[in-house]
Amino acid sequence: MARNEEKAQSMLNRFITMKEEEKKKPKERRPYLASECRDLAEADKWRQQIMREIGRKVTEIQNEGLGEHRLRDLNDEINKLIREKVHWERRIIELGGPNYTKYSAKMTDLDGNIVDVPNPGGRGPGYRYFGAAKKLPGVRELFEKPPELRKRRTRYDIYKRIDASYYGYRDEEDGILVKLEGPAEKKMRAAAVKEWMEMEEIKREAKKSVKSGEVVEMGLGSKILFEEEEDVIEEERMEREREEKDREKEYVVHVPLPDEKEIERMVVEHKKMELLSKYASEDLMEEQMEAKAMLNIQR
């Protein structure tokens, strides 16, 4: 009996299922063209359906073990659905609905950086790669960034960075250089003042002695003479160095060279010969040469 009851129960279940399916409306197909839809709610419904299909396929394409051909087919299908989604989003805008294109997701590379791939046709997004399709041969190179070439700086860029501090006009602004140069400057100034005062004293004593006819003290006079002697020795040394340099620059010519007058005479003679050869005949030239030979004219 239990067996027959189970059979009846299964038949009842099938009957109930069939009745429920009869009550349901026939399954609607998505319109081929988005422009055929006239209702905003239906357009939004079809967009949501496309979004679910895209999400399902994107989840499937994450599996790297599907093989190259299956990954490429899945990527093509996703791109086709994205193009269809864009058409429906445009239709929703035309029907007065929200603008979904502003919040569309961007494509990223293997590191997660956003990559903008424009469509060469200029309509809608370009071809995109998802999941394991980004690692396919020939596709990975598209996401690799080219090595950055170091741009050579131009003369304009170099001069643009030069300011007053480059020429040393701001060296004293930090105060360090002033602190270092202060003691040295005071010492040099004191030495210069002391030397000047000694020279003035020597000159004053020398003038007094000349006026009074007295002999100048040996210490003061010797200092003046010693300084003058040093100047003379320095001048002689510089003169010797100058003569040695001039002697090194001298070039001995073993062949007599013509002076300016001789060069000028030769140029004039050459031009005369050119004019005579151009306008005079050969007979006239021979007669002229014979006359010069008879008169013993060398030129």
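**Close-up views of a predicted model**

**View 1. At 34% relative accessibility, R265 counts as partly exposed.** The term refers to relative accessible area: under 20% is buried, over 50% is exposed, and partly exposed lies in between (1.4 Å probe, protein chains only). The model is predicted, so local features need pLDDT of at least 70 and side-chain atom pairs count only at pLDDT 80 or more, while totals for chains, interfaces and linings use all residues. Residues are numbered from 1 along each chain as its sequence is written, and side-chain values use heavy atoms, with hydrogens and water left out. The side chain of R265 forms a salt bridge with that of E262, at 2.6 Å from N to O; such a bridge requires a side-chain nitrogen of Lys or Arg within 4 Å of a carboxyl oxygen of Asp or Glu. Both residues belong to helix α8 (residues 260-279) and are three residues apart, about one turn of the helix. E262 is also partly exposed, with a relative accessible area of 31%. Helices (H or I, at least four residues) and strands (E, at least two) are DSSP runs numbered from the N terminus.

View 2. K85 is buried at 11% relative accessibility, and E89 is buried at 2%.

**View 3. A salt bridge between E77 and K57 links distant parts of the chain.** E77 lies in helix α3 and K57 in helix α2, 20 residues apart, and their side chains meet at 2.8 Å from N to O. E77 is partly exposed at 30% relative accessibility, as is K57 at 21%. A network of salt bridges also links R30, E53 and E84. The count of salt bridges comes to 15.

**View 4. A34 is placed in the loop between α1 and α2 (40-61).** A34 is buried, with a relative accessible area of 12%. Beyond its neighbours within four places in sequence, A34 is in contact with H87, W88 and R91, where contact means heavy atoms within 4.5 Å. The C-alpha atoms of A34 and R47 are 9.8 Å apart, with the two residues 13 apart along the chain.

**View 5. L12, F15, I16 and M18 make a nonpolar surface patch of about 350 Å².** Patches consist of residues with over 30% relative accessible area and no salt bridge, joining like charges within 9 Å and nonpolar side chains (Val, Leu, Ile, Met, Phe, Trp, Tyr) within 5 Å. I16 belongs to helix α1 (residues 2-23) and is partly exposed, with a relative accessible area of 38%.

View 6. The pLDDT, the predictor's confidence in each residue from 0 to 100, averages 77 over the protein, and 76% of the residues score at least 70. Over residues 120-124 the pLDDT stays under 50, and the model has two contacts for them beyond four places in sequence. Residues 215-221 also have a pLDDT below 50, with five contacts in the model beyond near neighbours in sequence.

Notes: Areas by Shrake-Rupley, 256 points an atom, 1.4 Å probe, with all protein chains shown as cover.
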